[in-house]
Number of protein chains: 2
Amino acid sequence: MAVEVMAEQGVAGLTLGEVARRMGIRPPSLYVYFDGKHALYDALFERGWRLLLERMQAAEARMEGHDPFADYREGLDDFVRWAVEHPAYSALMIWRPVPGFVPSDRAYAPAIALAEMGRAAIVRLRDGGILPPEVDVDRAYRISTALVAGVISQQLSNAPGESFDGGTWTAVLPDLLDMWLAHHRSPVRPSPGDPS
Amino acid sequence: MAVEVMAEQGVAGLTLGEVARRMGIRPPSLYVYFDGKHALYDALFERGWRLLLERMQAAEARMEGHDPFADYREGLDDFVRWAVEHPAYSALMIWRPVPGFVPSDRAYAPAIALAEMGRAAIVRLRDGGILPPEVDVDRAYRISTALVAGVISQQLSNAPGESFDGGTWTAVLPDLLDMWLAHHRSPVRPSPGDPS
DNA sequence: GTCTATACTACGATAGAC
DNA sequence: GTCTATCGTAGTATAGAC
């Protein structure tokens, strides 16, 4: 499996020869399934986002909640958990480790679907009274992605071996979500000269 | 210059031949300066962190401030600005794009010095009364790095061309710092069943 | 769908002359 | 410190038989 090779050798260290070896076939046989290395990366990129999308859809279906923010928190928890548990996929999906590789529109589709889910979740928080009516949905979404990306990025690059539970950086995710909620409930921008 | 090659071809796309070509010499001549490709990456890694360290030390010297939080905010601004303006360095420094490359202790030294600067800055905020005396310095530091890494990571991978001023993700950095400050002043952890 | 055989390219690295 | 020459390897990809 190509994903295992990426996990062991690094995303950019993926070679068709190694993939073929593990599949018990010869490199040329891979061309039956993929039109070359770029297409393989593209398929991996798409599958990664699709797996994560399905995970988030399952999480969404599982809730139907009386506490929308708890649901939201759980959703982002699931997101980060998946990312930390699939570091090879994550690196390919959120970083740019492969020189010259640009995902196709098709491969991007599930990532876009996830972004729409994220914005919809924020709209639900707004409509549920958790966030104020005047909240800037797009900005709040961008902030939330920065929080999530920050935790994932730090966890994967500084302590790749740690699990989601017990991770040095995943441990601060609850703080970040509390921060996020409090900020959107009462956005405070202290003026520089305010001595209070 | 090797940095330019990384910027154009991607960090993992760096080749000794291309570096030599731009220097107007032949590949074997590079071995006078570096003991091979790994050593080149190591030197780039170290130089990146050292440049950033020097930038942050200069920023620190420049302040001597009456408003410690404004100073802190400016410091993180500088940090993110440097990262966004040096995407090739940043990718090598905060991601893991090169299969098999592990920075040496020597190359890590300036990164460690920067981490100590970050913690010291938080201690100053605490001693200056901006943060409460009981603040968990290490945790607050980790949270701040997650914020910064999140913005940099999102900006570099989703909109690499944008400048620091006017960046889609750098634009939310002030929100994140406000959040961070407010959180540490009054950390709120709402219980799941709290209907308030 | 899988194989062998092979072409082609690229790269890292070393030896040794100047 | 730079060169030419070269080795060795690895990797992508294609052709064509089975």
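**Before you start**

What you have open is a predicted model, in which local features need pLDDT of at least 70, side-chain atom pairs count only at pLDDT 80 or more, and totals for chains, interfaces and linings use all residues. Residues are numbered from 1 along each chain as its sequence is written, chains are lettered from A and ligands numbered from 1 in the order in which they are written, and side-chain values use heavy atoms, with hydrogens and water left out.

**Stop 1: chain A as a whole**

You'll see eight helices and zero strands, giving the pattern α-α-α-α-α-α-α-α along the sequence. Helices here are DSSP runs of H or I with at least four residues, strands are runs of E with at least two, and both are numbered from the N terminus.

**Stop 2: α4 and α8 in chain B**

Now pick residues 68-85 and 173-185 of chain B, helices α4 and α8. Their axes come within 11 Å and cross at roughly 140 degrees. (Axes are lines fitted to C-alpha atoms, for helices over the stretch in contact, and angles run from 0 to 180 degrees between N-to-C directions.) The two helices are therefore oblique to each other; angles under 35 degrees count as roughly parallel, over 145 as roughly antiparallel, 65 to 115 as roughly perpendicular, and the rest as oblique.

Show side chains to see who touches whom. On the α4(B) side, look for B:Phe69, B:Tyr72, B:Arg73, B:Leu76, B:Asp77 and B:Val80; on the α8(B) side, B:Leu173, B:Pro174, B:Leu177, B:Asp178, B:Trp180 and B:Leu181. Contact means heavy atoms within 4.5 Å. Colour this contact by class and you get nine nonpolar, no polar and three charged residues. (Ala, Val, Leu, Ile, Met, Phe, Trp, Tyr, Cys and Pro count as nonpolar, Asp, Glu, Lys and Arg as charged, and the others, Gly among them, as polar.)

**Stop 3: α3 and α4 in chain A**

Hop to chain A and select residues 37-63 (α3) and 68-85 (α4). These axes come within 10 Å and cross at roughly 150 degrees, so α3(A) and α4(A) are roughly antiparallel. The crossing is right-handed. Among the residues that meet are A:Trp49, A:Leu52 and A:Met56 from α3(A), and A:Phe79 and A:Trp82 from α4(A). The contact divides into eight nonpolar, two polar and seven charged residues.

**Stop 4: where α7 meets α7**

Select residues 137-158 in both chains. The α7 axes come within 7 Å and cross at roughly 105 degrees, which makes α7(A) roughly perpendicular to α7(B). Among the residues in this contact are A:Ala146, A:Leu147 and A:Gly150, together with B:Ala146, B:Leu147 and B:Gly150. By class there are eight nonpolar, eight polar and no charged residues.

**Stop 5: DNA strand C**

Show DNA strand C and the 15 residues around it; the closest are A:Arg26, A:Ser29, A:Tyr33, B:Tyr31 and B:Lys37. A residue is near a strand if one of its heavy atoms lies within 4 Å of it.

- A backbone N or O atom of A:Arg26, at 2.7 Å.
- A side-chain N or O atom of A:Tyr33, at 2.3 Å.
- A side-chain N or O atom of B:Lys37, at 2.8 Å.

**Stop 6: DNA strand D**

Finish on DNA strand D, also with 15 residues around it; A:Leu16, A:Tyr31, B:Arg26, B:Ser29 and B:Tyr33 are the closest. A backbone N or O atom of B:Arg26 sits 2.6 Å from a phosphate oxygen. For side chains, look for B:Ser29 at 2.7 Å and B:Tyr33 at 2.5 Å from a phosphate oxygen.

How values were computed:
A crossing is left-handed if the near helix is turned anticlockwise from the far one by less than a right angle, and right-handed if clockwise. A polar contact is a pair of N or O atoms within 3.5 Å; within protein, one must be able to donate a hydrogen and the other to accept it, and residues adjacent in sequence count only if both atoms are side-chain atoms.
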